[in-house]
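Hi,

Here is the structure I promised to pass on. Have a look at it first, and then read on for what I found.

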Amino acid sequence: MSIIEEDRARYKEIFGERDKQKDYWAYNVCSLCYNACGIRVRVVDGKPVAVEGIPESDKGAQGGICARGVAGLDMYYDPNRILYPVKRTNPKKGLHEDPKWERISWEEALDTITEKLEEAMEKDSRTIFSSGSPSPTAGSTGFAGLLRPMKAGGSIGGAGIMCGGSTHHIGALQSAAWDIIPDYRYCNYILRCGGNEGWGGGRQASSTIRLAATARERGMKMKVMDPQGFTVASKGQEWIPILPATDIAVFMAIANLIVNEIGIYDKEFIRQKTNGSYLIGPDRLFVRDGQTNKPLLFDETDSKIKTF
Ligand code: SF4
């Protein structure tokens with residue numbers, strides 16, 4: 001029995017009885033973005049006709065779904081949706097070059113992939129790469145995982161500068177974390193500056209909207225510092241409409257207050273884990289060692305200026 005036949009037999013074993021019904025709800029997880037919301041799909045005469053959130057679900061938006069999730073039905077009925085594997089038959093590539101796609105069977109597709117993988121494995125497994133959306137429910141993450149034991153070269157996520165190119169680096173620098181979502185479960189006061197995670201966008205939009213709503217219900221306070229008075233500002237206790245491009249000045253003033261006037265900061269953390277102890281010259285740049293060009297700091301143990 002081929003892998004596809006095995007898969008179909010297993011599906012029939014689990015869902016065979018349900019699929020015989022004329023009208024039923026199929027429970028699933030939306031795979032249109034990272035949030036992986038719990039959904040149920042109404043199926044009538046074998047065709048999906050409605051999508052809605054599962055109220056008791058603890059996944060993603062925990063009961064709700066977004067407009068894109070609802071519009072998932074349109075993808076199903078899209079006349080241009082590709083329903084079977086296709087193979088490029090024109091080896092020439094370039095602008096205006098018709099790839100001349102030809103429909104092939106799943107068996108042929110899997111055999112071709114296996115053949116190519118074996119060929120690459122024999123030559124050098126590091127030449128194998130997987131590429132696709134990093135969305136956890138999109139399947140490509142699993143494929144990358146499958147390639148790992150083969151000592152493949154690596155995998156390339158498809159989000160580019162929209163996501164991993166900036167977000168995760170900032171998250172890692174700020175808090176050694178992959179994500180940059182405020183911890184709404186424990187947050188009691190939030191100063192929101194120019195972002196809208198938890199109110200309409202940002203990373204894990206629907207999950208954070210639910211988390212922020214729950215936090216508001218338990219009394220979390222929010223002040224919004226933003227030139228625009230949009231949705232986020234309307235949800236806060238106060239909107240501080242600063243002038244565009246003045247936010248850095250406000251942050252510096254807040255830092256100055258915390259460090260130099262009120263003195264409520266983790267001195268040891270700043271000293272040991274950041275560049276807060278580097279000396280600053282009259283030109284407001286780090287003072288550097290003439291030979292190594294490394295920043296200089298003042299060592300309190302021997303009262304000497306030295307590099308770290
Ligand atoms: S947020 Fe919307 S698109 Fe994303 S998983 Fe949930 S319902 Fe689907």
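**Around the ligand**

In this predicted model, the residues surrounding the ligand are Cys-30, Leu-32, Cys-33, Asn-35, Ala-36, Cys-37, Ile-65, Cys-66, Arg-68, Gly-69 and Ser-206. Sorted by class, that shell comes out as seven nonpolar residues, three polar and one charged. And where does the ligand sit? You'll find the ligand in the largest cavity.

Now for the inside of the protein. As a rule, nonpolar side chains in soluble globular proteins tend to be buried together. Here the largest nonpolar core has 11 residues: Tyr-184, Cys-187, Ile-190, Trp-199, Ala-212, Ala-215, Met-220, Met-222, Val-224, Val-232 and Ala-233. Helix H7 (205-217), strand E9 (221-225) and helix H8 (231-235) are the elements that each contribute two or more residues to this core. There is also a second, separate core, made of eight residues, with Ile-39, Val-41, Val-51 and Leu-73 among them.

Leaving aside residues up to four places away in sequence, Ala-233 touches Val-224, Gln-228 and Trp-239.

**Ala-120**

Another alanine to click on is Ala-120, in helix H4 (residues 106-123). Is Ala-120 buried or exposed? Its relative accessible area is 17%, and buried means under 20%, so Ala-120 counts as buried. Again not counting residues up to four places away in sequence, Ala-120 is in contact with Ser-125, Thr-127 and Ile-128. From Ala-120 to Ala-152 you go 32 residues along the sequence, while the C-alpha to C-alpha distance in space is 9.6 Å.

**Two positive phi angles**

Two loop residues are also on my list. Gln-62 is not a glycine, yet its phi is positive, at about 55°. Gln-62 belongs to the loop between strand E3 (47-53) and helix H2 (67-70). With 32% relative accessibility, Gln-62 counts as partly exposed.

The other one is His-96, again not a glycine, with a positive phi of about 65°. Look for His-96 in the loop between strand E4 (86-88) and strand E5 (101-103). How exposed is His-96? Its relative accessible area is 80%, so His-96 counts as exposed.

Cheers

Conventions:
Residues are numbered from 1 along each chain as its sequence is written. This is a predicted model: local features need pLDDT of at least 70, side-chain atom pairs count only at pLDDT 80 or more; totals for chains, interfaces and linings use all residues. Side-chain values use heavy atoms; hydrogens and water are left out. A residue is near a molecule or strand if one of its heavy atoms lies within 4 Å of it. On a 1 Å grid over the protein atoms alone, a cavity is a set of points where a 1.4 Å probe fits but cannot get out, and a pocket is an open set with protein on both sides within 12 Å along at least five of seven lines; lining residues have an atom within 4 Å of a point. A molecule sits in a cavity or pocket if more than half of its atoms lie within 2 Å of its grid points. Ala, Val, Leu, Ile, Met, Phe, Trp, Tyr, Cys and Pro count as nonpolar, Asp, Glu, Lys and Arg as charged, and the others, Gly among them, as polar. A nonpolar core is a set of buried Ala, Val, Leu, Ile, Met, Phe, Trp, Tyr and Cys residues joined through side-chain atoms within 4.5 Å. Buried means under 20% relative accessible area, exposed over 50%, partly exposed in between (1.4 Å probe, protein chains only). Helices (H or I, at least four residues) and strands (E, at least two) are DSSP runs, numbered from the N terminus. Contact means heavy atoms within 4.5 Å.
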